[in-house]
Structure formats: structure tokens, C-alpha cells
Amino acid sequence: MASLYKRSNSKFWWLKFRNPETDAIEQISTGFNTGDARQYLKAVQMRNEYAVKETNSAKANALNPFSKWAPDYIKTTHANSPGTLKRYLSTWNLLAAYFSALKITAPAQVRRSHCLEYVTWRSDVRHLNNSQTEKGKHVGRNTIILELRVLHKIMQEAVNREFIIANPASRLGLKKDPSRVKDEISDEQFALIEDEVKRRLRTADTPKQKLVADYLFVSWEIARLQGIRLKETHIRLDRINFAHGSLPIKAKGNKFEDVPINPNLLPFLHQLKKDGRTYTYEMPKHPAQPWFKVFKRLRKHYLGFENISFHSTRVTAITRMERAGVPETVMMKAVTHASPTVHRVYRRIDPKELAPYWNALNVKKPGETSASKNPKHENQD
């Protein structure tokens with residue numbers, strides 16, 4: 001896409017564009033002065049004319065179509081992260097469907113307006129699993145913004161390969177919705193969650209139901225005692241260092257970290273290994289779905305579960321460790337937090353904890369007494 005820029009040794013606006021005839025990137029002086037507002041408008045008009053020529057050029061649009069390089073680029077750059085690779089390819093399939101509806105085949109055709117209009121289009125498409133039905137689950141704004149980041153990454157690669165001059169997906173100015181704050185789990189809520197998990201263990205009949213119930217039970221036991229993420233509870237048992245008391249956790253960034261084991265968790269892990277398991281549990285096809293159903297049922301029958309989810313085990317563990325006086329660096333190691341800023345987001349303050357400190361706010365002015373603050377108690381004679 002044609003763009004204007006300044007040169008330190010020139011008083012004119014310069015134009016950078018792709019020549020539709022040669023497919024070469026060229027730079028020319030516009031002859032319009034950078035210090036004159038009217039001439040700037042003429043420079044912009046000139047840039048727009050060149051941009052139209054680029055867009056309307058059949059040769060430019062036929063060159064470097066997304067289909068010939070974008071999927072391979074994603075596979076190459078995320079080959080070592082299966083989860084990320086799957087998510088990026090799914091996102092690209094959505095983006096490709098959007099571009100197909102607009103008859104866009106190559107980076108040179110994409111405009112900033114297309115990137116912004118994707119928000120509305122994606123909202124109408126709804127959830128990936130129900131994209132063709134009117135009853136599909138609504139997609140959150142934050143999910144759409146994450147998908148546009150994938151588009152930004154792809155379009156930046158198009159810039160790097162000199163397919164286009166500028167990235168139209170840059171600086172879109174889209175603000176994320178605030179994330180829902182997870183509450184700390186109370187002792188009563190812990191008991192209710194455990195009862196629900198055990199109920200599912202008792203009532204499981206089919207092999208699939210038993211697999212899911214076991215997954216719920218094991219992941220819950222590990223997370224409530226260790227404070228780690230759901231995906232991190234899926235642990236290969238022969239990699240646990242029982243002698244040293246450490247867990248090999250695959251944390252963010254696809255890196256393994258040795259995390260100290262909560263001693264109360266050791267007997268449970270020993271039993272799982274004794275049972276002949278390779279991993280702590282067999283991972284269901286859609287691991288988030290069973291826990292979503294558990295908390296949906298709890299919200300239906302009990303008050304106070306509106307902001308409780310599986311991730312609340314992490315909030316609870318961090319909050320209780322801090323109340324117990326565990327140093328921040330030790331806590332961060334235990335729950336695989338790399339940033340103190342992120343770590344502190346998980347701390348919850350109970351109103352009762354502040355009770356001893358409120359009096360510190362009752363600051364009196366110099367010379368002021370309690371009687372002077374309550375004139376109705378003064379002698380009225």
C-alpha cells in the first residue's frame with residue numbers, strides 16, 4: 001500500500017509504492033513541501049492515487065495470494081507449539097472465509113477498513129463450533145481482538161516479504177473488554193464443588209463418562225492443593241521428582257519448570273503412579289467443557305458462584321499463601337508466575353483483613369478534640 005514519509009535531507013514529502021508494472025517497490029519525491037498544510041493534502045491525494053493503482057492492478061492482486069504462503073508461514077513459525085498452531089490455523093480459516101466473502105485474495109487488497117469491519121462480521125458468525133447456526137454462542141470482543149492479532153502477524157510477514165509496503169492491521173485502536181474477575185473460593189464452596197465432582201464419579205456409567213469424571217476429580221485435587229493452571233495438571237508421572245519434591249510443569253512459553261510440590265499432594269500423586277498411570281489423567285477431547293458444565297450446574301443451584309471457575313483455584317491458592325506470609329518470590333515459583341505485576345492481580349482482599357487498619361484513616365486536625373467534632377455534646381447552659 002502506497003505511503004508517505006519524510007527524509008531528513010529533503011523538504012518534500014516522499015512516496016513509497018509498488019509499481020504495478022514491474023512489481024518493484026519504488027520511492028519518489030512528491031514535490032510537495034512538508035511545511036505547508038495545503039501541499040500536504042496534495043501529497044495525500046497523490047498517495048491515494050498510487051494506492052488505487054496498486055489495488056486495481058490485476059497483476060498485483062494475482063501475485064502472492066494468501067493461500068500460497070500464509071498457512072505454511074503459520075505452520076513453520078509455530079511448529080513447536082501444537083496448541084498455538086491449532087488456534088492460529090483455526091483463526092486463519094476464519095480470516096480466509098472473511099476475505100473470500102469480500103473477494104480478497106492477496107495482501108495488497110487488504111485495507112484498514114477491512115480489519116475494523118472484521119469485528120462485526122466475526123460477531124455475526126458467532127462461536128466456531130456453531131458458526132452456521134443462529135443459536136451459536138456469542139464470541140467475546142477480546143477473542144475477536146486476539147484473532148486480529150493473528151491477522152496483524154500475517155500482514156506483517158507480508159510487509160517483511162515486500163508483498164506490501166505497510167501493515168493495514170497496525171494500530172487499529174480496538175480496546176479490550178475488562179476481564180471477569182475471579183473470586184476466591186470459600187471453604188463452603190470448596191465442599192460444594194467436591195460434592196459435585198464426587199457425584200459425577202458415582203453416577204458415571206459409560207467409558208466416556210468415567211474418563212471425564214476421573215479427569216474432573218484428579219485435576220481438581222491437584223489444582224486446589226497446588227494452585228496451577230488446568231492444563232498444567234496433566235502431568236507425566238515418571239517425570240515427577242518424588243525424592244526432590246518437584247513437579248515438571250509445562251508453563252507459558254512452552255517451557256518446563258520444576259515447581260515445589262505441596263507435601264499434602266504427594267500421597268495422591270504416589271497413588272496415581274502406583275495405579276500404573278502414565279499421566280495424571282487421560283485428557284478429554286474438549287478439556288474446558290466438563291468444568292464449564294460443573295460450574296454451570298453449581299450456579300443454577302447455589303448463590304455466590306457467579307465469578308467462580310476452575311481458575312479460581314489459582315486465585316485462592318495465591319491469596320491464602322500471601323495471608324500465610326509466604327514470600328512473593330516463593331509464591332511466584334510455586335504457581336509459575338514470571339511477572340510480579342501479573343502475580344499481584346491474583347491477590348484478593350477480604351474486608352475483614354482491613355478492619356484493624358481503618359482507624360489509621362481517622363486523622364484529626366492539629367488542636368482538634370473529639371468534643372470539638374461533636375458540638376451537640378457541648379454544655380448548652
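Is Thr313 buried or exposed? Select Thr313 and take a look: Thr313 is buried, with a relative accessible area of 1%. Keep in mind as you go that this is a predicted model.

**Stop one: around Thr313**

Thr313 sits in helix H11, which covers residues 312–323. Now show what surrounds this threonine. Leaving out residues up to four places away in sequence, Thr313 touches Ile185, Trp220, Ala223, Arg224, Gly227 and Ile228.

**Stop two: H7 against H8**

Select H7 (187–203) and helix H8 (residues 207–226). How far apart are their axes, and at what angle do H7 and H8 pack? The axes lie 8 Å apart and the angle is about 155°. That makes H7 roughly antiparallel to H8, because an angle over 145 degrees counts as such. As for handedness, H7 passes H8 in a left-handed crossing.

Step back to the loop between helix H6 (141–160) and helix H7, where you'll find Glu162. Check the backbone here: phi of Glu162 is near 65°, a positive value in a residue other than glycine. Carry on to Arg171, found in the loop between H6 and H7 too. Phi of Arg171 is near 50°, again positive in a non-glycine residue. With 78% relative accessibility, Arg171 counts as exposed, because the cut-off for that is over 50%.

**Stop four: colour by confidence**

The protein averages 84, and 81% of the residues score at least 70. Which elements have the highest and the lowest mean pLDDT? Helix H3 (residues 70–77) has the highest at 96, while helix H15 (residues 370–373) has the lowest at 49.

Two stretches deserve a selection of their own. Over residues 129–134, pLDDT stays under 50, and the model has five contacts for them beyond four places in sequence. Residues 375–381 also stay under 50, with three such contacts in the model.

Notes: Residues numbered from 1 in each chain as written. Predicted model: local features only at pLDDT ≥ 70, side-chain atom pairs only at ≥ 80, totals over all residues. Heavy atoms only, no water. pLDDT = per-residue confidence, 0-100. Helix = DSSP H or I, 4+ residues; strand = E, 2+ residues; numbered from the N terminus. Contact = heavy atoms within 4.5 Å. Buried < 20%, exposed > 50% of the residue type's maximum accessible area, 1.4 Å probe, protein only. Axes fitted to C-alpha atoms, helices over the stretch in contact; angles between N-to-C directions. Parallel < 35°, antiparallel > 145°, perpendicular 65-115°, else oblique. Left-handed = near helix turned anticlockwise from the far one by under 90°.
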